[in-house]
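Let's take a friendly walk through this structure, with the rules for each term given along the way.

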Amino acid sequence: MATVIPRIDVGDNYKEKYGFFDPEKFVFKAKRGLSPEVVKEISWMKNEPEWMTKFRLRALQIWDKKELPTWGADLSSIDFQNIYYYLKSTEKQGKTWEDVPADIKNTFDRLGVPQAERKFLAGVAAQYESEVVYHSLHKELESKGVIFTDTDSALRDHPDLFKEYFGTIIPPGDNKLAALNSAVWSGGSFIYVPKGVKVEIPLQAYFRINAENMGQFERTLIICDEDSFVHYIEGCTAPIYTTDSLHSAVVEIIVKRGARCRYTTVQNWSTNVYNLVTKRAVAYGDATMEWVDGNLGSQITMKYPSIYLMEPGAKGDVLSVAFAGKGQHQDAGGKAVHVAPNTSSNIVSKSISKNGGRTSYRGLVKVYPGAKNSKSFVRCDALLLDEQSRSDTYPTTEVDEPQVRIGHEATVSKVSDEQLFYLQSRGITRAEAETMIVNGFIEPFTKELPIEYAVELNRLIQLEMIGSVG
Amino acid sequence: MAFTKAAVEELSALHGEPEWLRARRLDAFGVFEGMSLPDTRRNEDWKQVDLKALNLEAYAAFQQPNGLAPAGTLENVGATLRQRGTSPAVASIAPDLARRGVILMPLAAAASAYPELVQRYLFSAVKPERDKFAALHAALFSGGSFLYVPDGVTVEQPLVSQFWSGGPGAAVLPHSLVVAGKGSRFQFVDQFLSSDRQEATLASGSSEVFLEEGAEVGYVALQHWSVKTWQFANQRFHLGRDARLRMVDVALGAHLARLRVEAILEGPGSSADMKGLFFGTGEQAFDFRTLQDHVGPHTTSDLLFKGALRDQAKSVYVGVVRVEAAARGSSSNQANRNLLLSEKAKATSEPILEILNNDILRCSHGATVGPVDPEHLFYLESRGIPHPVAERMLVQGFLGEVLDRIPVPLVRDAVEQELAARIE
């Protein structure tokens, strides 16, 4: 009789599935390291207006002055002068996959992006190194006034809209890495959804780092006008190199009155990538912002998607899942800042550590004076799968308004012996039982994903049956 | 006299301390001089602590003479030690306890009478190097109590230390050193009191408690300094194999009451039950930092810090549960609940888990901040209970969970009275 042995092992087949790399080809590659010259060169290559060049240079000055965070993961081993900050692989952006250079198209084919587009996406962006190489949007949405383009094109084609919002949610001075991104940003998505337009099918961006010692600094700006809806999904992978790459994005989102925005991330960088991302949304009256944030890859991730609840009735949800395997540290979480009365937030974090991996939940709930009748609840559950792994929980709650209800609960546990025993007593093998329990543990996350993604995620976590014996 | 080397020597002479203790004080004073005040912006351990209005220069190391502790006898206690300011303490102990080898005496006297014991334990847990205030405390501690309960001795009635502040402008830095022999059982109470509710002082009130194998110790600290006191205190408990600790911290006084409470569960099978109760009014600020450090296997800890804040009172709670790699089969719980009774009251809560081992039964924590539950109020009011009465009942019920756990009736009654007055 064939016995199936399921395994839980992120990154086990990473090399074959995502870890391949193409020979490095580029039409332009900036000098290694960071300097005003490199920043000016990037801006010049992109033929940007003067205000943006100035913005970048000012951000670089802020970068020089600010210090790296002393809390969280250990960032001391990043050599910022050993990184290429800009790499352009192709001269023009494709409107159809045929326009994309063959080797790059091949990469995205292997990653399954065009297939996904055909099946269930309303629009796709594909970023390779520093530039977006492919972009498409359903005609129907275009005619409704939806803008879905790369951020560089947006600066060129929609200058007023761009300037009105760019850098307003996360100014360069926000933190050192936001300053870095502001200085050298390239690519990313720009989305504008007009009043009352509901984009029922998700839009997707796929980010790929191919070159070694590469820094990817995409910049995403999403504006949901009143009563609109959009679901944006991002995925990311990179080849496995022995030296480190850096991914430091800035994502700014504005959700206006009555609108709803959902932002889903399935982060699966290779384990030589430092993933240091600043994500923030502001939600106005009765608007809803949802971050669905899955962190499976990278060596170190520091990412705390945040929501500023600016007007009464605004609602924010963060659902964060982290998986840390060997040598990984996932320092993830969420922030909710209640500025106005009658706002609510809900943060749920699920983390799994295995093979000496470390997951940390780090979060903030802040309630300003006058934000009466606000509610916030934070729940963190962590699962440790073996002796060497580690889990931490660092929630912060700051409340300056008494008429609120704030709660935080966290648990850390191992896979329960009783549950295992129960399943095993029903004839299920230990490994299978463990998989079932882990699957159940992260179910609140998988059920929020579009079905195709849920399947993909299960594949990523490799809760799959491998091999058959006997 | 300000915080000077001469003050250290004078204080040591006043208590007739042995040479080794004088030398230790001077070492600690060196540490004090070499340190600056904690950086409340950068130092995580001191974040959110407002030290702006603190001026160490404004306090004298001590004031002599500062009179005796108020007279009066406590009923139903096994032994008492009373001290005011830096005046040498007065201890009395029931004859049968003394006969069984129980020692409760002024720390200075114990340093001469039992040098090996005191030398071994004193400031081995609460080290002067931790911060400037801990160094000051070790250099200029006003005296304090030394309690030793021999192996296998059970003391039924509580043992009580009472410390009164030593007058306005004088520092009062009492220290309690408690050694619980193997299998001993007793309850110990530290009371920190000000005769004048408005006098400005700088205070500590630190304790080191060592539980040897199988010891069962109840520890209660009642902090009721004046409302103009700056308190910086450290309590640290070391638990041996199968030792059991039940402790309650009650914080009622001080302008800023900073208290570190740390239980180090080293011995396999040891367990700690830690409770905190606070009620802030006016402009009081509380700052609690707790640690449940699971070092040994099969250790358990349960912590609950609860409090209510009224007027502009503030509280900060930062608590760490740490389960070390060797602490197999451990379980831990940590909860902080804050009740806000006015518009301007503020509570910050930061419960932290650091789990380095997966062979744990369960580790969990929770924190809540909010006003009296409107649904509960509505329920009571719908039963004809007027709003103020209903609110009082709910606050009493909220605090009762910890209040009822104070194992010593003497303290429980005193706290209950004070809380009733504040709830009104």
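Is Arg262(A) buried or exposed? Arg262(A) is buried, at a relative accessible area of 11%, where buried means under 20%, exposed over 50% and partly exposed in between (1.4 Å probe, protein chains only). A word on the ground rules: this is a predicted model, in which local features need pLDDT of at least 70 and side-chain atom pairs count only at pLDDT 80 or more, while totals for chains, interfaces and linings use all residues. Residues are numbered from 1 along each chain as its sequence is written, chains are lettered from A and ligands numbered from 1 in the order in which they are written, and side-chain values use heavy atoms, leaving out hydrogens and water.

Stay with Arg262(A) and look at its partner. Its side chain meets that of Glu448(A) in a salt bridge (2.8 Å, N to O); the term stands for a side-chain nitrogen of Lys or Arg within 4 Å of a carboxyl oxygen of Asp or Glu. Arg262(A) belongs to strand β14 (residues 260-267) of chain A and Glu448(A) to the loop between α12 (443-446) and α13 (451-460), so the pair ties together parts that are 186 residues apart in sequence. Helices (H or I, at least four residues) and strands (E, at least two) are DSSP runs, numbered from the N terminus. Glu448(A) itself is partly exposed, at 28% relative accessibility.

Glu262(B) and Arg130(B) form a salt bridge of 2.7 Å, N to O. Glu262(B) sits in strand β14 (residues 256-265) of chain B and Arg130(B) in the loop between α5 (115-121) and α6 (132-140), so this pair joins parts that are 132 residues apart in sequence. Here Glu262(B) is buried, with a relative accessible area of 7%, and Arg130(B) is partly exposed at 34%. Over all chains, the search finds 50 salt bridges.

Now turn to where the chains meet. The contact (heavy atoms within 4.5 Å) takes 32 residues from chain A and 36 residues from chain B. Together the two chains bury about 2,800 Å², 45% of it on carbon and sulfur atoms; buried area is the accessible area (1.4 Å probe) that two parts lose on being put together, summed over both. On the chain A side, Glu387(A), Pro402(A) and Lys414(A) lose the most area to chain B, together 20% of what that side buries. The interface has 4 salt bridges. Asp400(A) and Lys346(B) meet in a salt bridge at 3.0 Å, N to O. A network of salt bridges links Arg358(A), Arg390(A), Asp392(A), Arg322(B), Glu324(B) and Glu354(B).

Finally, the aromatic rings. Rings of Phe, Tyr and Trp (its six-membered ring) pair if their centres lie within 6.5 Å; planes under 30 degrees apart count as stacked, over 60 as edge-to-face and the rest as tilted. The count comes to 31 aromatic pairs over all chains. One of them joins Trp71(A) and Tyr304(A), with centres 5.9 Å apart and planes at 55°, so the pair is tilted. Trp71(A) is partly exposed at 35% relative accessibility, whereas Tyr304(A) is buried at 12%. Ring pairs also link Trp51(A), Phe55(A), Phe162(A), Phe166(A), Trp185(A) and Phe190(A) into a cluster.
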